[in-house]
Amino acid sequence: MKAIQFLIGFAVLALASSLASAYDPSPLQDICVAINNPKDVFVNGKFCKDPKLARAEDFFFSGLGKPGNTANRLGVDETDANVEQIPGLNTLGISAFRIDYAPYGQRPPHIHPRASEILLVLEGTLHVGFVTSDQLNNTLISKVLNKGDAFVFPIGLIHFQFNIGKTNAVAYSALNSQFPGEITIADAVFGANPPINPDFLAKAFQLDPKTVKDLQHKFINGD
């Protein structure tokens, strides 16, 4: 009887131990291919400096107070404050950015593959929203935001922001990743390099192949 109890206890302990140690670290860039040559090391994230050598500048960034240049086809500009700009964010799982919108400027449908996002409107009026997965029937959840309003975009879901006002708009976003990444859907699909087979895309989007080729030309060449 004691032997059976011991075996059951050992099995439970082993199961608990395997569950505790089998969790894979979250990726901090798009891809991280395994290699056998240690001379070509690229870690998941960033190397850490000796903590004794840290200084205030490692945790500081002053660029979020400056308006961005919205003179582009989308009428929007983002100022990032992730681990690339603030080395001290490494391993902390947070980042932020400022978004400036010209009148009717937009951040087109996109996703952050590694983070959820909370957006706070500082000036202007934005129409924002996200689309659920097909598990929830691709439901659009949207809202008009004014100064002081906040909205959350869940991780990995397609979302957008559109300045519906006649004046400039400004917003700040915070994300729970040191390097959340951003995939703009149209750019990724029609601007892929090398291009995705236009016949595949024509069938997927129910478009004429010529229309797809025209879109690919625009996104690849920046027209």
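**The histidine**

I started with His110, which sits in strand S3 (residues 106-111). I am working from a predicted model, so I keep that in mind throughout.

Is His110 buried or exposed? I find a relative accessible area of 0%, under the 20% cut-off, so His110 is buried.

Setting aside neighbours within four places in sequence, I listed the residues in contact with His110: Leu157, Ile158, His159, Gln161, Glu182, Ile183, Thr184 and Ile185.

**The aromatic rings**

I then turned to the rings and counted four aromatic pairs. One of them is Phe130 with Phe151: the centres are 6.2 Å apart and the planes lie at 50°, so I call this pair tilted. Phe130 belongs to strand S5 (residues 126-131) and Phe151 to strand S7 (residues 150-153), so the pair ties together parts 21 residues apart in sequence. Both Phe130 and Phe151 are buried.

I looked up Phe190 and Phe205 too; with centres 5.4 Å apart and planes at 40°, this pair is tilted. Phe190 is in helix H2 (residues 185-190) and Phe205 in helix H3 (residues 198-205), so parts 15 residues apart in sequence are tied together. Phe190 is buried at 9% relative accessible area, whereas Phe205 is partly exposed at 41%.

Last entry: Phe130, Phe151 and Phe153 form one aromatic cluster.

Conventions: Residues numbered from 1 in each chain as written. Predicted model: local features only at pLDDT ≥ 70, side-chain atom pairs only at ≥ 80, totals over all residues. Heavy atoms only, no water. Phe/Tyr/Trp six-rings, centres within 6.5 Å; stacked < 30°, edge-to-face > 60°. Helix = DSSP H or I, 4+ residues; strand = E, 2+ residues; numbered from the N terminus. Buried < 20%, exposed > 50% of the residue type's maximum accessible area, 1.4 Å probe, protein only. Contact = heavy atoms within 4.5 Å.
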